[in-house]
Amino acid sequence: MSTLLAKALEKVGALPQDEQDAIASQILASLADDEAWKRQFAEKRDVIHRLAQEAIEEDERGETLPLDDLL
């Protein structure tokens, strides 16, 4: 466990149990959300790669504008 995490858990441990549970729920939800994002990106890897390749090809054909021109 990292020093920062240990320090955070020490502070959380000093809170009332209902607050500890609320923080624990938030942490678990955040971790679950991160896992969901990782799964979604892994499942869409081919689509993301194809879109990136299309963008590169459009740029190489001169079909894109520099960001400065858009601002």
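The protein has 4 helices and 0 strands, where helices (H or I, at least four residues) and strands (E, at least two) are DSSP runs numbered from the N terminus. The radius of gyration, taken over C-alpha atoms, is 22 Å, well over the 11 Å that the globule rule gives for 71 residues, so the protein is more spread out than a compact globule. That rule is 2.2 Å times the number of residues to the power 0.38. This is a predicted model in which local features need pLDDT of at least 70 and side-chain atom pairs pLDDT 80 or more, while totals for chains, interfaces and linings use all residues. Residues are numbered from 1 along each chain as its sequence is written, and side-chain values use heavy atoms, leaving out hydrogens and water.

**Overall form**
- Along the principal axes, the C-alpha atoms fill a box of roughly 60 × 30 × 20 Å.
- Lys7 and Ile48 are 41 residues apart along the chain, and their C-alpha atoms are separated by 39 Å.

**Burial and exposure**
- Buried residues (under 20% relative accessible area, 1.4 Å probe, protein chains only) make up 1% of the 71 residues.
- Lys7 lies in helix H1 (residues 3-13) and counts as exposed (over 50%), at 51% relative accessibility.
- Leu71 belongs to the segment after helix H4 (67-70) and is exposed, with a relative accessible area of 82%.

**Charge**
- The protein carries 8 positive and 17 negative side chains, counting Lys and Arg as positive and Asp and Glu as negative, without His and the chain ends.
- The centres of the two sets lie 6 Å apart, with each charge placed at NZ of Lys, CZ of Arg, CG of Asp or CD of Glu.
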